[in-house]
Amino acid sequence: MEEYQIAGVSMVLIEGAEISRTDCFGSLEIGSTRRVEQASIFNACSISKFFTSMLVMTLSEQGILHIDEDVSKHLSTRIVPAKFSNEFITLRHLLCHQSGIEDPSNGFGELNPLWGEPAMKELLEGVTPYCSSLVEAKVEPGREFCYSDAGYCMIQLVIENVLGKSFQEVIREYLFQPLRLNDSTYDLPSIRTQFSCGHMKANKLVEGKYPIYPYPAASGLWTTPTDVAQLVMELMFALKGKGNLLSSFAAQEMIKPQGGKEWAGLGVFLDPGCEKIEISSLGWGVGFQCMMVANPYEETGLVIMTNTDTGVHQMKGLIGEVYRAIFQNSR
């Protein structure tokens, strides 16, 4: 932590589809007496997409959503230009970043109090400062991989339109409550004793201390490594037909290559170099970096969350060192 100038770290190790170890080090806020504890809550950034994918698959299991139907039937926003008139975008395309949608440059930044929180419909129509252009397919859906926050905002709008509730209400009802993910939230309370501040290198607090991404489905989640691990273990149980939310078939769909891209699952990434499937989800935002990685069939996993943006990819910093010490040395 000293070498990489990281303020605080929280980790969970999964073995045998159980949490076998937790470790917490450092400070939630440099200059304060608040220390990182097991219940400390971090900004998950894009690990939010793993939660969203599990929600979509849960709703699909219950017949509320269908991952291979045209999402435009649930939207009033035009997303497939006329030149692709014979094609349509599905939730599967959106979950695996193969919808043909590209994020506009300099879009999808953190919440600006002067702008307020964007409505998803207005965001996708390109009429908010967070996204200045219409969100639509730039290439034929299903043809290319292009990582997209906008795609997950579209998933959020579909969910909200189908169920007539906010995304936050839906995920609490269908995911957080059944799995007792009591430390996962999209809303920061006024008293934030459990919540970590964000930091840059050299122990510098980020502006505003608590950076917020106003795109819940894409990057808005605040959670603990323990809650992330619980969701990973639900996937492991489901693969054996013992899941609370997913069938074995749905779990297998999530972790198999999509669209001919061997590294792309549904809401997770795959490591094609492993003998057995390894999945991962990375989060990197203002003041925070984190990673979830698991071998679901071997029932092992690691969740590590830090409250410092080191300026280098996770695998080139402390997170990568911990991963290599635990996973690569055990192969």
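These entries record what I looked up in a predicted model of one protein chain.

**Conventions.** I worked with a predicted model, in which local features need pLDDT of at least 70 and side-chain atom pairs count only at pLDDT 80 or more, while totals for chains, interfaces and linings use all residues. Residues are numbered from 1 along each chain as its sequence is written, and side-chain values use heavy atoms, with hydrogens and water left out.

**Overall form.** I looked up the secondary structure and found nine helices and 11 strands; helices (H or I, at least four residues) and strands (E, at least two) are DSSP runs, numbered from the N terminus. The C-alpha trace spans about 55 × 50 × 35 Å along its principal axes.

The chain exposes about 14100 Å², of which carbon and sulfur atoms supply 47%; the areas come from the Shrake-Rupley method with a 1.4 Å probe. I found 26 positive and 39 negative side chains, the centres of the two sets lying 1 Å apart. Lys and Arg count as positive and Asp and Glu as negative, without His and the chain ends; each charge is placed at NZ of Lys, CZ of Arg, CG of Asp or CD of Glu.

**Helix α7.** I examined residues 225-239, which reach 21 Å from first C-alpha to last, close to the 21 Å expected at 1.5 Å a residue; the expected span is 1.5 Å times one less than the number of residues. Of the 15 residues of α7, 13 are buried. Just after α7, G241 takes a positive phi of about 80 degrees.

**A218.** I located A218 in helix α6 (residues 216-219), buried at a relative accessible area of 0%. A218 touches C45, S46, S48, K49, D149 and Y152, not counting residues up to four places away in sequence; contact means heavy atoms within 4.5 Å. A218 and D149 are 69 residues apart in sequence, yet their C-alpha atoms are 5.5 Å apart.

I recorded H97, with a phi of about 60 degrees, in the loop between α2 (91-95) and α3 (120-124). H97 counts as buried, because its relative accessibility is 5%. I also recorded A202, with a phi of about 65 degrees, in the loop between β4 (199-200) and β5 (204-205). A202 is exposed, at 58%.

Methods:
Buried means under 20% relative accessible area, exposed over 50%, partly exposed in between (1.4 Å probe, protein chains only).
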